[in-house]
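Here is a friendly walk through one protein model, written for someone who likes to know the cut-offs behind each term. Please keep the sequence and the 3D view open as you read.

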Amino acid sequence: MINLESQLTDELFDLHELEQKLQSIGFTFSDNWDYEHGYFDYKIAEQGGYQFLRIPFSVVEGTLDSPTAPATVKVNKPYLLSHAYQDGIDDHVQEGNFRAAFDQFQTPRDKDADFPEEFIQTGKELIQQCEQALLVERRK
C-alpha cells in the first residue's frame, strides 16, 4: 500500500455528488463498505493481480444505505493497493449451493502485495484528475 498526498483528504462531500463525479472518471463504488465507511476504486492494471487507486471515505452525517437522506462523507487519504490472487483453484472454498453464494472468489494470496513502480505515476495523475473534477467548482 502506498499513501498518496491529495487535496481531497479531509474534504466533505454529499455522497451522491462524489459518486457521480468519480464514476464519470472511471471509479466504482467498492462492495467492501459498511454503514460508516466505504471506498471508491479505480482499477489501474492487472499485473500479477489487481492494482487499484482507492479513495476511502467516512460517513459524517447520515448512512450509506438511506435513499431519502443522502450521506455527507469525509474523504480520507487515498492510496495505491495491489491484490495478488492465487493461481488455480481456491483450496478453502466450502461446498454446496448456499455456501457457494458467499465463496465465489479466490482468497487473495497477498492482500497487500507490492505495488508495481510503473503504475505509481498513473495513480498520482488520477488523483489530480479527481481533485480537478471535485474541487475546481468549490474554489471559484
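Read from the N terminus, the elements of the protein chain follow the order β-β-α-β-β-β-β-β-α-β-α. That gives three helices and eight strands, where helices (H or I, at least four residues) and strands (E, at least two) are DSSP runs numbered from the N terminus. The model is predicted, with local features needing pLDDT of at least 70 and side-chain atom pairs counting only at pLDDT 80 or more, while totals for chains, interfaces and linings use all residues. Residues are numbered from 1 along each chain as its sequence is written, and side-chain values use heavy atoms, with hydrogens and water left out.

**The chain as a whole**

Of the 140 residues in the protein chain, 36% are buried; buried means under 20% relative accessible area, exposed over 50%, and partly exposed in between (1.4 Å probe, protein chains only). The accessible surface of the chain is about 8,800 Å², and carbon and sulfur atoms hold 46% of it. These areas come from the Shrake-Rupley method with a 1.4 Å probe, and for residues only the protein chains shown count as cover. Among contacts (heavy atoms within 4.5 Å) with a separation of 6 or more, 62% are between residues 24 or more positions apart.

**Helix H1**

Helix H1 covers residues 15-25, and its buried residues are Leu15, Leu18, Lys21, Leu22 and Ile25. Viewed down the axis of H1, these buried residues fall within an arc of 140°, so they line one face of the helix; the arc is that of the directions from the helix axis to the C-beta atoms. The buried residues of H1 pack against E2, strand E3 (28-29), strand E4 (37-45), E5, strand E6 (72-75) and helix H3 (120-135).

Both ends of H1 deserve a look. Just after H1, Gly26 has a positive phi of about 120°.

**Strand pairing**

Two strands pair if DSSP finds at least two bridges between them. E4 and E5 run antiparallel and are joined by eight bridges, with His37 opposite Ser58 in E5. Their hairpin has four residues between the strands, and Gly48 there takes a positive phi near 65°.

E5 also pairs with E6 in the antiparallel sense, over four bridges. Here Ser58 stands opposite Lys74, and Glu61 stands opposite Thr72. E6 pairs with E2 as well, again antiparallel, over three bridges, and Lys74 is the bridge partner of Leu12. The covered face of E6 holds Val73 and Val75, and the uncovered one holds Thr72 and Lys74.

**Salt bridges**

How many salt bridges does the structure hold? There are five, a salt bridge being a side-chain nitrogen of Lys or Arg within 4 Å of a carboxyl oxygen of Asp or Glu. The table includes some of them.

| Pair | N to O distance |
|---|---|
| Asp10 and Lys74 | 3.9 Å |
| Lys21 and Glu17 | 3.6 Å |
| Asp41 and Arg54 | 2.7 Å |

The side chains of Asp10 and Lys74 meet in a salt bridge. Asp10 lies in the loop between E1 and E2 and Lys74 in strand E6, so the pair ties together parts that are 64 residues apart in sequence. Asp10 has a positive phi of about 75° although it is not a glycine. Lys74 counts as partly exposed, at 28% relative accessibility.

Lys21 and Glu17 both belong to helix H1, four residues apart, which is about one turn of the helix. Glu17 is partly exposed, with a relative accessible area of 28%, whereas Lys21 is among the buried residues of H1.

In the salt bridge of Asp41 and Arg54, the N to O distance is 2.7 Å. This pair links distant parts of the chain, with Asp41 in strand E4 and Arg54 in strand E5, 13 residues apart. Are Asp41 and Arg54 buried or exposed? Both are buried, and Arg54 has a relative accessibility of 10%. Leaving out residues up to four places away in sequence, Arg54 touches Ser30, Asn32, Tyr39, Phe40, Asp41, Pro78, Tyr79 and Leu81.
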